[in-house]
Amino acid sequence: MPTEGLRTSPSRPCTPEVDGAVTAVAQPNIALIKYWGKRDERLVIPWTSSLSMTLDVFPTTTTVRLAPAAGADRVTLNGRHAAGETLRRVLDFLELVRELAGRRERAVVDSHNTAPTGAGVASSASGFAALAVAAAAAYDLDLDATELSRLARRGSGSASRSVFAGFSLWHAGGEEDPDGSSYAEPVPVRGLDPALVIALVDDSPKAVSSRAAMRRTVDTSPLYRPWADSSERDLIEMRLALGRGDLDAVGEIAERNALGMHATMLAARPAVRYLSPGTLTLLDRVLRLRQEGTPAYSTMDAGPNVKVLCHSSDADRVAAALRDAIPSGSVVVARSGPGARLLSGGS
Ligand code: 2P0
């Protein structure tokens, strides 16, 4: 792995003044109130606010090193040269960071992702949150957490939330200064010890990217506006439920919000359908878990996988039930995780 020799380790302390490398790590997040649809594509401003939990699994580790002699940026993802849309998004992001920093040097970016890419486990959230932290430090941009969240948002909307640990709320932002007012911040939560049990039905890349799917939904789905309106109300209720530590209310709101989001996609023209037979099998199993007395609630993103919210103390039982339901899939128990952070280099 190209980044391996640049990481801090007890035996080889980082020497940023020698190799100038900056390494950051970030984790994905799962939204309980979903982000689906942009009102400004260039600035990545959403139509609705969203709320998520950052996970303690699937970290992305990204190293940025300035290359003053290079004529172009170089980007590798999991040891392979990035290409196509992925490369374009990273290059645009580096250009934005240089613009903010008033710098011109090109960069070498090495990113290592541990989540199945493109399968709806939000690898772009951890990816752009880690890149924002590493690139800002490499170009000597002194940003606070809110500014980092705004910057990460420009790479991928959901990345704005992975800047923070635990629960975070990404504000849709106002009409007057959408860029300045659209950022995430931590959400206070009382007396909850939640787990999200992730059932991976299929880890192959999705047929339609979430970016393209949300654009089509906004442009063509007659259900989009009603969902966006109800999502704003869900958010108000969600914050109250989190504030009183009411897992059942949190789960019910999250489940209806996610099903509503998928309804908007199914009504798009042509329809976008991420849910597969395996997804429905899992949704049925979660309903049965509830009937059997275990509080468990489903949410799904831009893919067939199902994430099940439950009490941390029930996570092993929920995981076993999901494994039985889809023997060909895999199940990972996630809990609340840390925000994006520097591992080495930078100040
Ligand atoms: C979310 N998703 O709130 C929603 C729910 C997927 C379904 O954020 O276009 O990769 O880069 O801003 O952040 C996935 O969208 O999209 C996402 P862009 P992103 O987690």
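Contact is defined here as heavy atoms within 4.5 Å. The structure is a predicted model, in which local features need pLDDT of at least 70 and side-chain atom pairs count only at pLDDT 80 or more, while totals for chains, interfaces and linings use all residues. Residues are numbered from 1 along each chain as its sequence is written, and side-chain values use heavy atoms, with hydrogens and water left out.

The chain is divided into domain 1 (18-188) and domain 2 (194-335), with bounds that come from an automatic or database domain assignment. The C-alpha centres of the two domains lie 24 Å apart. Across the boundary, 34 residues of domain 1 are in contact with 49 residues of domain 2.

A nonpolar core is a set of buried Ala, Val, Leu, Ile, Met, Phe, Trp, Tyr and Cys residues joined through side-chain atoms within 4.5 Å; buried means under 20% relative accessible area, exposed over 50%, and partly exposed in between (1.4 Å probe, protein chains only). The largest core has 49 residues, of which W36, V64, F93, V97, L131, L151 and Y274 touch the most other members. Helix α3 (residues 123-138) gives the most to this core, with eleven residues. When neighbours within four places in sequence are set aside, the contacts of W36 include M214, W227, M265 and Y274. Another core, of 28 residues, lies apart from the largest one and has L32, L51, M53 and L200 among its members.

Helices (H or I, at least four residues) and strands (E, at least two) are DSSP runs, numbered from the N terminus. Helix α10 (residues 277-291) has 15 residues and should span 21 Å at 1.5 Å a residue, which agrees with the 21 Å between its end C-alpha atoms; the expected span is 1.5 Å times one less than the number of residues. Buried positions in α10 are G278, T279, L282, L283, R285, V286 and L289. Seen down the axis of α10, these buried residues fall within an arc of 160°, so they line one face of the helix; the arc is that of the directions from the helix axis to the C-beta atoms. P277 and Q291, on the other side of α10, are exposed. The buried residues of α10 pack against β12 (194-200), α9 (247-266), β13 (296-299), β14 (306-311) and α11 (315-325). After α10 comes G293, with a positive phi near 105°.

Two strands are taken to pair if DSSP finds at least two bridges between them. An open sheet of six strands has mixed pairing and the order β8-β7-β9-β6-β1-β16. Its edge strands, β8 (80-81) and β16 (341-344), each pair on one side only. Strands β6 (residues 60-67) and β9 (residues 106-113) run antiparallel and are joined by eight bridges, with T62 opposite S111 in β9.

Strand β2 (residues 29-33) pairs with strand β5 (residues 50-54) in the antiparallel sense over four bridges, and I33 has L51 of β5 as its bridge partner. Five of the five residues of β2 are buried, so this strand is largely enclosed by the rest of the structure.

Strand β15 (residues 330-335) contains V332, which is partly exposed, with a relative accessible area of 23%. Not counting residues up to four places away in sequence, V332 touches V57, F58, L196, V197 and I198.
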